[in-house]
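User: Hi! I am new to protein structures and would like to learn how to read one. Could you walk me through it with an example?

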Amino acid sequence: MRYQQSDPDVRLMLRVKDDDAGAFEALVRRYEARLVRLMQHLGPRSDMAEDLAQEVFLRVYRARKSYVPGAKFSTWLFTIAGNVARNASRSVHRRAEVSEVDAPSADLSGAGNLLASTVTEASGLMPVRLAEGSERAAIVRAAVAQLGERQRMALMLSRFENLSYSEIAEAMGLTTKAVKSLLSRARVNLKELLQPYIDSGIIPDEVQR
Amino acid sequence: MSAASLSDDRPVDPDDESLVAYLDGELAAEDRDALERRLLEEDALRGRLRELQHSWDLLEELPSATPNEKMVESTLEMVVSDVVRASPERPMWHKVRGPLVVFAALLLPPLVAFGAVAWKRTADYRRELEMLAVAENVDAYLQADDLELMRELATNERWNRMILAAREVGLIPYDTSPIVASVPVGERESTLEALDADQRSRLATRWDRFQQLAPETRQRVEATHRQVRQQTDAASLVRTMKDYSAWKETLRPRLTDDMEGRSKEARTDAARRSAAIEMAITDTIRDLTERSGMALDDATAREIYHVLEEIVRMRLRSGDSATSALVDYLEERSRNVAEMIDEDPRDIATRSAIVVILRADSGRRPFRFGPPLPDDLEPVTPLSHDELEWIRVVLPREEQRRLDLIAGDDSGRLAYLRAWAEEAFQRTSPYQRRRDEHSTRYFALPAGLRDRVDLDDPAKLARHLSWGRGRGSNGPSPPRGPRRDRGQRDGGGDENDR
């Protein structure tokens with residue numbers, strides 16, 4: 001009842017439960033772009049992001065009749081998104097005969113290559129220059145991709161969805177303390193991955209907004 | 001960096017953990033205070049905090065989430081097809097295939113019907129949400145479909161200033177900000193839920209009006225909406241169109257025909273169109289000048305009236321010959337009535353001189369009432385710049401702000417002050433009277449004088465009450481005016497009865 005009163009998306013989902021197609025469309029519109037962004041970082045490949053986001057909505061619709069508002073709608077949605085991303089990664093890795101579930105995903109090797117080649121550039125083999133916006137984005141994206149799956153998920157929910165530690169814990173099925181440790185590792189790792197680019201001046205030591 | 005060093009099992013430095021929780025605002029108050037004390041003292045810790053935050057800030061480089069209409073549609077289509085499609089894989093399929101086929105055959109039509117009805121309803125609902133943006137601006141689209149004229153007006157400094165003043169004075173609606181038109185269709189439902197009663201009412205009225213339009217008119221309105229949406233300056237255009245449509249209702253049809261090129265002459269003569277725009281702006285500014293005074297509160301009007309009295313006295317003290325001659329003349333004429341009401345004829349003459357000074361401003365519309373004057377009397381000068389500035393100074397701060405907002409430049413400000421002086425005089429002076437208000441004027445007479453004129457014959461009483469229209473050349477002098485009372489700004493009571 002608490003979430004029903006405070007979260008308009010919960011109210012929309014309850015209408016979806018009553019087969020209100022308009023309410024479902026509203027939810028899709030509200031979350032589609034955010035889910036795609038989440039899936040670009042959580043999924044096994046960024047080009048699968050839209051398909052995975054659609055899969056999440058499909059699962060939401062299928063699960064509508066059993067929906068019970070026990071948390072914020074977004075927390076519930078991101079729990080489903082996490083499961084969909086994890087299943088997709090497993091599936092892709094199985095096909096690629098990669099057995100380690102928590103290993104960096106398939107296109108992470110590509111991300112590693114990007115980082116490695118840019119580091120080489122930064123090490124003096126090429127003249128150091130400030131990366132363009134798209135290059136900076138690629139470097140940051142590659143760094144995020146190097147993080148473990150759970151760190152990436154916690155990072156995305158914290159940084160882009162502004163979820164609190166307790167909400168992230170709920171979405172990921174962890175304790176708040178575990179989320180705290182996870183986000184510490186994510187930040188430290190991200191810092192260590194990006195520091196060479198900051199030190200070499202490839203990416204600025206101040207964020208350009 | 002190796003993948004192993006990134007694992008979730010890697011030990012975390014307790015300081016890093018605290019710093020990250022601190023940056024995320026998740027540290028308990030006690031821990032936060034302790035950490036902040038350490039941050040003040042330890043350079044290394046501060047450096048570490050900065051590093052952790054900076055790498056986090058770099059996430060800004062990642063592209064932001066961008067809505068994709070096609071994806072929304074394809075997602076919805078996928079879900080619908082999933083609703084109507086039988087599940088492809090079911091456990092024990094081969095055993096229950098027969099019953100399931102029968103069940104599916106029974107279930108399929110209702111599901112298809114549900115899907116169709118749901119999507120028809122969704123489509124209708126969505127169409128209505130889309131049309132809300134058209135309905136919200138229905139007047140603008142109906143009245144202001146000449147986009148070039150709108151662009152011309154939007155760059156016309158006089159027009160913009162005039163619109164600002166028109167809003168302030170209440171000639172056109174003050175709030176023309178979008179209600180739902182600027183909100184994406186998908187978010188309009190929640191926006192509607194959050195509207196206040198006034199916004200709902202305005203939107204509902206426009207929606208009804210839009211619904212009642214004839215089909216061809218409605219199509220024209222929708223076409224204008226689509227055309228405006230395709231413009232790069234759509235938001236600015238809609239604002240101008242709304243202002244224009246409200247303004248247009250206050251103008252003479254002939255002018256709007258010329259402005260919009262509907263008249264035969266304007267179609268062939270571009271200069272006529274420009275002239276019509278300038279003329280319409282001038283008309284409105286004149287109208288606004290007069291209307292703006294009506295918004296003055298009574299206390300402010302009294303203050304202005306007192307300043308007008310002081311202006312006459314100051315002119316007398318400074319030896320202004322025309323004003324002195326005028327007051328001398330009026331004093332002479334006031335003797336009889338002054339004696340009758342036991343008042344100093346000089347005071348009556350001083351107050352009577354105000355109307356003559358106001359009337360002397362030939363640049364303004366005729367200010368008809370006031371005593372008739374002999375032709376050989378030296379004409380008094382109208383209110384000077386300094387005298388008008390004196391009026392401005394006594395205005396309350398809010399009125400000064402309003403004046404600055406609506407007047408724009410110095411000449412505009414003086415025009416408004418003149419109009420406000422006239423309004424203050426008409427409202428405050430015991431000599432004020434508007435047409436066909438004999439009864440008002442009768443009851444405004446001082447009680448003693450009213451008792452005496454009651455005994456006069458009707459014709460004389462009518463002449464008395466008509467004083468100030470300039471009809472009676474030798475009528476009785478004006479009745480007694482109000483005494484200055486600066487302390488009573490909002491007090492009630494009829495000052496004329498004192």
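Analyst: Happy to! Let us begin with bends: the bend at a residue is the angle between axes fitted to the seven residues ending there and the seven starting there. Helices (H or I, at least four residues) and strands (E, at least two) are DSSP runs, numbered from the N terminus. In this predicted model, α10(A) bends by about 40 degrees at L194(A), and the proline P196(A) follows within four residues. A word on bookkeeping: residues are numbered from 1 along each chain as its sequence is written, chains are lettered from A and ligands numbered from 1 in the order in which they are written. The model is predicted, so local features need pLDDT of at least 70 and side-chain atom pairs count only at pLDDT 80 or more, while totals for chains, interfaces and linings use all residues, and side-chain values use heavy atoms, with hydrogens and water left out.

User: What span should helix α10 of chain A have, and how far apart are its end C-alpha atoms?

Analyst: The expected span of a helix is 1.5 Å times one less than its number of residues. Helix α10 of chain A covers residues 176-200, which is 25 residues, so it should span 36 Å; its end C-alpha atoms are 36 Å apart, which agrees. Just after α10(A), G201(A) takes a positive phi of about 85 degrees.

User: How many residues of α10(A) are buried?

Analyst: Buried means under 20% relative accessible area, exposed over 50%, and partly exposed in between (1.4 Å probe, protein chains only). In α10(A), 18 of the 25 residues are buried, so this helix is largely enclosed by the rest of the structure.

User: At what angle do α9(A) and α10(A) pack?

Analyst: Two packed helices are described by the angle between their axes and the distance between the axes. Axes are lines fitted to C-alpha atoms, for helices over the stretch in contact, and angles run from 0 to 180 degrees between N-to-C directions. Helix α9 of chain A (residues 165-172) packs against α10(A) at about 100 degrees, with the axes 8 Å apart. Angles under 35 degrees count as roughly parallel, over 145 as roughly antiparallel, 65 to 115 as roughly perpendicular and the rest as oblique. That is why α9(A) and α10(A) are called roughly perpendicular to each other. Contact means heavy atoms within 4.5 Å. On the α9(A) side the contact involves Y165(A), S166(A), I168(A), A169(A) and M172(A), and on the α10(A) side T176(A), V179(A), K180(A), L182(A) and L183(A).

User: What is the make-up of each chain?

Analyst: Chain A has ten helices and zero strands, and 57% of its 209 residues count as buried. Chain B has 24 helices and zero strands, with buried residues making up 44% of its 498 residues. Among contacts in chain B between residues at least 6 apart in sequence, 69% join residues at least 24 apart.

User: Which residues does T240(B) touch?

Analyst: T240(B) sits in helix α12 of chain B (residues 234-248) and counts as buried at 7% relative accessibility. Leaving out residues up to four places away in sequence, T240(B) touches M150(B), L153(B), A154(B) and W159(B). The C-alpha atoms of T240(B) and L149(B) are 9.8 Å apart, though these residues are 91 residues apart along the chain.

User: How many salt bridges are there over all chains?

Analyst: A salt bridge is a side-chain nitrogen of Lys or Arg within 4 Å of a carboxyl oxygen of Asp or Glu. A search of the whole structure finds 51 salt bridges over all chains. One of them joins R158(B) and E278(B), with the closest N and O atoms 2.5 Å apart. This pair links distant parts of the chain, R158(B) in helix α8 (residues 157-169) and E278(B) in helix α15 (residues 270-294) of chain B, 120 residues apart. R158(B) is partly exposed at 34% relative accessible area, and E278(B) is partly exposed at 30%.

User: Where do E389(B) and R392(B) lie?

Analyst: Both lie in helix α19 of chain B (residues 385-394), three residues apart, about one turn of the helix. E389(B) counts as partly exposed at 25% relative accessibility, whereas R392(B) is buried at 19%.

User: Which residues are linked in a network of salt bridges?

Analyst: The network links E25(A), R29(A), E69(B), R126(B) and E130(B).
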